[in-house]
Amino acid sequence: MNQLLYIEDNKEIALPIKTMLEKLGYHIIWKEDGESALLHIEEVDLVILDIMLPGLDGFSIGKRLKKLASDIPIFIVSARTSLEDKIEGLGFADDYITKPFHPEELAARIEVLLRRFQRHNQNLLTIHHLKVNLDTQQIVNQETAQEILLTGKQFQIFYYFLQHLNQILTKDQIYEAIWKEAYIEGDKTLMVHIRYLREKIEINPAKPLIIETIRGIGYRVKEA
């Protein structure tokens, strides 16, 4: 069941929409202001956001939400119809519908957004403190919010591990998959690349938690 965060201070609008979405099988967290809604962003699959809110307006709240969770879609529902408002809203939001609207259209567009982001999120992985986007080849340290830049060969090695999560991989397997030639016993090339890779992705490279050494065999990356 998808869980939606609905931010709308007008009860006459919010209650029938909430009821309709619940009948469609969604679980709704309804908040009347943006500040309290911020606390729930990690719990939901999509945000429905009004612009005219008490306290911080929807534009400010939406930008904060997107910064906190860029992989969660935001759907603006607003009475503000000007082109300038739509352009500002779509600077961070993923869809924008103006009031009044037909509830069935809202439901259909929510479903489309969820499908699109679910497909996208299949290529997003969390490995310990790392968030990895396989589409863009972007790796972010979630503790520092800093992007980690790998060389082409380093990313190939790490990507090969991610394709074989929880599997013990021999040095031969890894070397032959990356360099496309037979591994020669005693060759230090792979070991050196993994050492440099660990220096970039591990919190403590001397005590690696992401790339494990399996003594006498090879390496393994396990899901946290």
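1. Because the model is predicted, local features need pLDDT of at least 70 and side-chain atom pairs count only at pLDDT 80 or more, while totals for chains, interfaces and linings use all residues. Residues are numbered from 1 along each chain as its sequence is written, and side-chain values use heavy atoms, with hydrogens and water left out.

2. Helix α6 covers residues 152-163 and packs against helix α7, residues 171-179, at an angle of about 130 degrees, with the two axes 10 Å apart. Helices here are DSSP runs of H or I with at least four residues, strands are runs of E with at least two, and both are numbered from the N terminus; axes are lines fitted to C-alpha atoms, for helices over the stretch in contact, and angles run from 0 to 180 degrees between N-to-C directions. That angle makes α6 oblique to α7, given that angles under 35 degrees count as roughly parallel, over 145 as roughly antiparallel, 65 to 115 as roughly perpendicular and the rest as oblique.

3. The contact (heavy atoms within 4.5 Å) brings K153, Q156, I157, Y160 and F161 of α6 together with Q173, I174, A177, I178 and W179 of α7. Sorted by class, this contact of α6 with α7 has 7 nonpolar, 2 polar and 1 charged residues, where Ala, Val, Leu, Ile, Met, Phe, Trp, Tyr, Cys and Pro count as nonpolar, Asp, Glu, Lys and Arg as charged, and the others, Gly among them, as polar.

4. The axes of α6 and helix α8 (residues 189-201) come within 10 Å and cross at roughly 85 degrees, and α6 and α8 are therefore roughly perpendicular to each other. On the α6 side the residues are K153, Q154, I157, F158 and F161, and they meet L190, H193, I194, Y196, L197, K200 and I201 in α8. By class, the contact of α6 with α8 has 8 nonpolar, 2 polar and 2 charged residues.

5. Within α6, F155 and Y159 lie 4 residues apart, about one turn of the helix. The structure holds 5 aromatic pairs, a pair being rings of Phe, Tyr and Trp (its six-membered ring) with centres within 6.5 Å, and planes under 30 degrees apart count as stacked, over 60 as edge-to-face and the rest as tilted. The rings of F155 and Y159 have centres 6.0 Å apart and planes at 15 degrees, so this pair is stacked.

6. Four strands form an open antiparallel sheet in the order β6-β7-β8-β9, where two strands pair if DSSP finds at least two bridges between them. Strands β6 (124-127) and β9 (146-148) stand at the edges with a single partner strand each, so one side of each is left without a neighbour in the sheet. Strand β8 (residues 138-141) pairs with β9 in the antiparallel sense over 3 bridges, and N141 has Q146 in β9 as its bridge partner. Helix α6 lies across β6, β7 (130-133) and β8, running at about 95 degrees to β7.

7. A second open sheet, also antiparallel, has 3 strands in the order β10-β12-β11. Strands β11 (residues 211-214) and β12 (residues 218-221) pair over 4 bridges and form a hairpin with 3 residues between them, where G216 in the turn has a positive phi of about 80 degrees. Helix α6 lies across β10, β11 and β12, at about 70 degrees to β12, while α8 lies across β11 and β12, at about 145 degrees to β11.
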